[in-house]
Amino acid sequence: MDGGRDIDPVPARPDEAQVPKVGVDSWVASHAARVHGNLFQTQIDRIPRPAFYLVFGIVAALLPALTSDEYIVRVGFDTLLYMLLALGLNVVLGYAGLLDLGYVAFYGFGAYGYAMLASPKFGLHWDALVILPIVLVASALLGLLVALPSRRLVGDYLAIVTLFFLQLFVTVYQNGNRLFGHDFSGGPNGIPNVDNWSLGGLKITSIKGYYYAALVMFLIILTCIYLVDQSRTGRAWKSLREDPLAAEMMGMPVNRLKLVAFAFGAAVGGLTGTLFAALNTAVFSADFDVPTLIIVYAMLILGGAGSLGGVIIGALVVNVSLEVLRTPGHATWIFYILVLAALIAKVRPWRAFAVVLGGSLALGFALHAILASAWPRSTHGVSAIGGWLGSALGAWSIQPSNVTMIAKVAYVLLIFAVLGLTLLSGWALWIAMIPTINLAGFVWNNLLVQEPSITRLILIGVILIVLMNARPQGLLGTTRVEIV
């Protein structure tokens, strides 16, 4: 107040609001507003994590009661196995940030450990209640031994060392029938006639029994990891993941944290292996090689590394998709839906989307009509897909009667065409996409749909590419701030 008059504040300069305050990063300061604008992330954050896990456990427990189809229950059991593997890998990669490419070896170590102690191989038929603690401790110790020479390695160097460990495991167990003059693994023939789980005299022999055993194990381990995640150790792991040097400067025992993460993940992988061996009543080293590792990594990356809910979602999406893709008709639906979803997400403005979609349809029907009159054999092929979808694709895409070599050449051309699209932009890109989509349809209908084992993995890769472009941190992962 000055003589009864209010003193007006000094007006701010027009450009003052544009200058960030000293010590404040404007991008970080606007993080809350960006997250609030992301409806998907906002809705996820509003769901309490324990409530999400509880709902999953209830729904999963009802699955065997809702169906009498053992195939569906077996798919559910396999999905739970992958969830368990992804849980262990999530500790190593998602929390501690350690790129462990030898993780599946612990899975195999647990499976072989159970098979050796519960089969005629060495004449031992121990109870599962005795074997499980032994496998748990032995797997953790093996993880500790692998981590000891790797504790000062990061990034690519750690990945190479752990990948060597995986290949060493496969080589040793594959040749274990003649290693040092003793047969301890059965070599390529593995260990057959493995006993089922016997829990204090209660033997589990049905797929439903193993499904519930896997579900109980998953929920127990999930609870333990959730509690660890909320503890000082969990926060220390995340600090290690974000910046190991800063974590060490803050006084955190970085090397000890790495050892604990490796041992924890290895223990989970070993326990999962006992379930696999008991249900299948046989173990082979080929079951614990790189393809299994790729699938587990795909689940974790898709769901979001560092997210327990992401482990559940990622395993469900990937494993259920792999089963659905066994049927050519289902696989074809998924393929064209993914193509359409990618166009909707990436092609802007909408008139460009209309041009690409309309041009692709028009070019396909035009080529089909022209070749049908000029070269009738080009449309006499038999579609592997029935129903109206097969008829529609037969009228849009070319299906020659003898197409093996042509389809393989077209597949190579498609790879180069997709790579070429990355060099274009604007309307040149939209126009080039029209023949590329038609070429992709030709390759799919005449080659890929005939090879379900290969096509399943290709489509999983496509799903990952599409979703990672839309949400790089995974479905339930959190965005990380990195220095580029």
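Which residue forms a salt bridge with Glu323, and how far apart are the closest N and O atoms? The partner is Arg326, with the closest N and O atoms 2.9 Å apart. The views below come from a predicted model, in which local features need pLDDT of at least 70, side-chain atom pairs count only at pLDDT 80 or more, and totals for chains, interfaces and linings use all residues. Residues are numbered from 1 along each chain as its sequence is written, and side-chain values use heavy atoms, with hydrogens and water left out.

**Figure 1. Salt bridges of the model, including Glu323–Arg326.** The structure holds five salt bridges, each defined as a side-chain nitrogen of Lys or Arg within 4 Å of a carboxyl oxygen of Asp or Glu. Side chains of opposite charge can pair when their charged atoms come close. Glu323 is buried at a relative accessible area of 15%, whereas Arg326 is partly exposed at 44%; buried means under 20% relative accessible area, exposed over 50%, and partly exposed in between (1.4 Å probe, protein chains only). Arg74 and Asp78 form another of these bridges, their closest N and O atoms lying 3.1 Å apart. These two residues stand four apart in helix H5 (residues 70–95), so about one helical turn separates them. Arg74 has a relative accessible area of 28% and is partly exposed. Helices (H or I, at least four residues) and strands (E, at least two) are DSSP runs, numbered from the N terminus.

**Figure 2. The salt bridge between Lys121 and Asp183.** The side chains meet at 2.9 Å, N to O. This pair links distant parts of the chain, 62 residues apart: Lys121 lies in the loop between strand S1 (118–119) and strand S2 (124–125), and Asp183 in the loop between H8 and S3. Lys121 is partly exposed at 26% relative accessibility, and Asp183 is partly exposed at 36%.

**Figure 3. Aromatic pairs, including Tyr173–Phe184.** Rings of Phe, Tyr and Trp (its six-membered ring) pair if their centres lie within 6.5 Å; planes under 30 degrees apart count as stacked, over 60 as edge-to-face and the rest as tilted. By this rule the count comes to 21 aromatic pairs. Tyr173 and Phe184 pair edge-to-face, with 5.5 Å from centre to centre and 70° between the planes. The two residues are eleven apart and link distant parts of the chain, Tyr173 in helix H8 (residues 155–174) and Phe184 in the loop between H8 and strand S3 (198–199). Tyr173 is buried, with a relative accessible area of 10%, while Phe184 is partly exposed at 24%. The rings of Tyr211 and Tyr212 are also edge-to-face, because their planes stand at 80° with the centres 5.7 Å apart. Here Tyr211 is buried at 3% relative accessible area, and Tyr212 is partly exposed at 34%. Ring pairs join Tyr107, Tyr112, Phe169, Tyr173, Phe184, Phe276 and Phe288 into a cluster.

**Figure 4. Arg348, Pro349 and Trp350.** The peptide bond from Arg348 to Pro349 is cis, with omega near 0°. Pro349 is placed in the loop between helix H15 (328–346) and helix H16 (350–374). The charged end of Arg348 sits over the ring of Trp350, 4.2 Å from its centre; this term requires NZ of Lys or CZ of Arg within 6 Å of the ring centre and within 35 degrees of the ring normal.

**Figure 5. Buried residues Thr272 and Leu308.** Thr272, in helix H12 (residues 254–280), is buried at 0% relative accessibility. A polar atom of its side chain lies 2.8 Å from the backbone oxygen of Val268. Leu308 belongs to helix H14 (residues 308–324) and is buried, with a relative accessible area of 4%. Leu308 and Asn90 are 218 residues apart in sequence, yet their C-alpha atoms are 7.8 Å apart in space.

**Figure 6. Residues with positive phi, including Asn193.** Asn193 has a positive phi of about 55° although it is not a glycine. Asn193 lies in the loop between H8 and S3 and is exposed at 56% relative accessibility. Thr281, likewise not a glycine, has a positive phi near 55°. Thr281 is found in the loop between H12 and helix H13 (290–303) and is partly exposed at 30%.

Definitions and conventions: A polar contact is a pair of N or O atoms within 3.5 Å; within protein, one must be able to donate a hydrogen and the other to accept it, and residues adjacent in sequence count only if both atoms are side-chain atoms.
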